[in-house]
Amino acid sequence: MATVELRFSALPEHVRTARLVAAAVARRAGVEEAVLDEVRLAVGEACTRAVGLHQTGGISAPVRVLLIEEEKQFSIEVGDEAPHAVPGERTGAGPGDPDGEADEDEMGLAVISGLVDDVEVSAGEHGGSIKMTWPTTPPPTILA
């Protein structure tokens, strides 16, 4: 199992770099060429979400992206360090518009779910992550 780890400052201009790196590693891992646009879009959406959560929360820690190549699948995990409400728990009014932020967050997750069949979202008081997985095809065997 090969893993590439990317960490970047929570700035929107770094999301493009994360998308490019994810697509390059996915291609090398054996993700079908036709799916690479979905990989780029999903990673861009997940990283944009993490950057927004860090900026809104005043968090200076970097956004973390893990690119994991396994035998028959390729996974990307985008992690943030923003505290998330426990599911079912409503937060009170505070700085900004919590309901607007929650709607935007849910929209981003809906876009990711529409692009990727296998998505796991975890969230807690110490941060959250989105793990997206795609199947890979083994490289063709070259006979000499």
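In this predicted model, helices and strands are DSSP runs, numbered from the N terminus, and a strand, written E, has at least two residues.

Glu 120 is partly exposed, because its relative accessible area of 48% falls between the limits of 20% and 50%.

Side chains of opposite charge can pair when their charged atoms come close. The model has six salt bridges. Select Arg 7 and Glu 5, whose side chains form one of them, with 2.9 Å from N to O. Arg 7 is partly exposed at 48% relative accessibility, and Glu 5 is also partly exposed, at 44%. Next, select Arg 27 and Glu 33, where a salt bridge spans 2.8 Å from N to O. Here Arg 27 is partly exposed, with a relative accessible area of 40%, whereas Glu 33 counts as exposed at 52%.

Select Arg 49 and Asp 80, which form a salt bridge with their closest N and O atoms 3.9 Å apart. Arg 49 belongs to helix H2 (residues 36–57) and Asp 80 to strand E3 (residues 73–80), so this pair ties together parts that are 31 residues apart in sequence. Are these two residues buried or exposed? Arg 49 is buried, with a relative accessible area of 12%, and Asp 80 is buried as well, at 4%.

Key:
Residues numbered from 1 in each chain as written. Predicted model: local features only at pLDDT ≥ 70, side-chain atom pairs only at ≥ 80, totals over all residues. Heavy atoms only, no water. Buried < 20%, exposed > 50% of the residue type's maximum accessible area, 1.4 Å probe, protein only. Salt bridge = Lys/Arg side-chain N within 4 Å of Asp/Glu carboxyl O. Helix = DSSP H or I, 4+ residues; strand = E, 2+ residues; numbered from the N terminus.
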